[in-house]
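Take a look at the sequence and the model below. Then read on for a short tour, part by part.

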Amino acid sequence: MDIDAWVWWLIGAVGLGIPLVLTAMPEFGMFSAGAVAAAVVAAVGGGLVAQVLVFAAVSVALIAVVRPIAMRHRSQSPRFASGVDALKGRQAVVLERVDGNGGRIKLAGEIWSARALDAAMAYEEGQQVDVVEIDGATAVVM
């Protein structure tokens, strides 16, 4: 049984795709894409030299272009805050007097215990305050 060259390239592409899935190393995917490009060249009748050159060119081009972009996206911090980090900087309404010892506020539709950032300050019922940080289950406000 004689198998065409393009089939071998597709087998190689699948073979390179397996470590991509197992190791999550995107370079294997780029090599796999190069093998698919070489399979296309083989299918249209290109010689072995053309197939190898296309495999190398596509693989190297993808690694040179896509890898730096992927690394840049991987190193960026998320653009949105979640959990208690999302509450920092928000405004709240004082429900019970808030001072250095404690109090209650309404923050994001929920009632929170709170204390003033500056122990000498006090905020009366109905005042707007800004949440500086969340300390456990207590909002620190100013």
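This report walks through the helices, then the strands, then the cores.

## About the model

This is a predicted model: local features need pLDDT of at least 70, side-chain atom pairs count only at pLDDT 80 or more, and totals for chains, interfaces and linings use all residues. Residues are numbered from 1 along each chain as its sequence is written, and side-chain values use heavy atoms, with hydrogens and water left out.

Helices (H or I, at least four residues) and strands (E, at least two) are DSSP runs, numbered from the N terminus. UniProt positions follow the numbering used here, with feature names shortened, and its annotations may be inferred rather than shown by experiment.

## The annotated spans

An unreviewed UniProt entry gives "transmembrane region" for residues 6-22 and 52-70. In the model, residues 6-22 are 100% helix and 0% strand, with end C-alpha atoms 25 Å apart. Residues 52-70 are also 100% helix and 0% strand. The end C-alpha atoms of that span lie 26 Å apart.

The unreviewed entry also lists "domain: NfeD-like C-terminal" for residues 84-141. This span is 0% helix and 59% strand. Its end C-alpha atoms are 14 Å apart.

## Helices 2 and 3

Helix 2 covers residues 26-43. Helix 3 covers residues 48-75. The two pack at an angle of about 145°, and their axes are 8 Å apart. Axes are lines fitted to C-alpha atoms, for helices over the stretch in contact, and angles run from 0 to 180 degrees between N-to-C directions. The crossing of helix 2 and helix 3 is right-handed. That label applies if the near helix is turned clockwise from the far one by less than a right angle, and left-handed if anticlockwise.

Which residues meet where helix 2 faces helix 3? From helix 2 they include Met30, Phe31, Gly34 and Ala38. From helix 3 they include Gln51, Val54, Phe55 and Leu62. Contact means heavy atoms within 4.5 Å.

Gln51 sits in helix 3. Is Gln51 buried or exposed? Gln51 is buried, with a relative accessible area of 5%. Buried means under 20% relative accessible area, exposed over 50%, and partly exposed in between (1.4 Å probe, protein chains only). Residues up to four places away in sequence aside, Gln51 touches Ala5, Trp9, Ala38, Val41, Ala42 and Gly46.

Leu20 belongs to helix 1, residues 5-23. Leu20 is partly exposed, at 28% relative accessible area. Beyond its neighbours within four places in sequence, Leu20 contacts Met25, Pro26, Phe28 and Gly29. Leu20 and Ala38 are 18 residues apart in sequence, and their C-alpha atoms are 19 Å apart.

Two strands pair if DSSP finds at least two bridges between them.

Start with strand 1 (residues 91-99) and strand 2 (residues 102-107), which are antiparallel and share four bridges. A hairpin of two residues joins them. Asp99 stands opposite Gly102 there. Strand 2 also runs antiparallel to strand 3 (residues 110-116), again over four bridges. Ile105 has Trp112 as its bridge partner. The turn between strand 2 and strand 3 has two residues, and Ala108 in it has a positive phi of about 55°.

Next come strand 4 (residues 128-135) and strand 5 (residues 138-141), an antiparallel pair with four bridges. Val131 is bridged to Val141, and Asp135 to Thr138. Two residues separate these strands in their hairpin, where Gly136 takes a positive phi near 65°. Strand 1 and strand 4 run antiparallel and are joined by three bridges. Gln91 stands opposite Asp130 in that pairing.

## The nonpolar cores

A nonpolar core is a set of buried Ala, Val, Leu, Ile, Met, Phe, Trp, Tyr and Cys residues joined through side-chain atoms within 4.5 Å. The largest has 15 residues. Ile105, Leu107, Ala139 and Val141 touch the most other members. Strands 1, 2, 3, 4 and 5 each give two or more residues to this core. Apart from it lies another core of six residues, among them Trp9, Ala35, Ala39 and Ala42.
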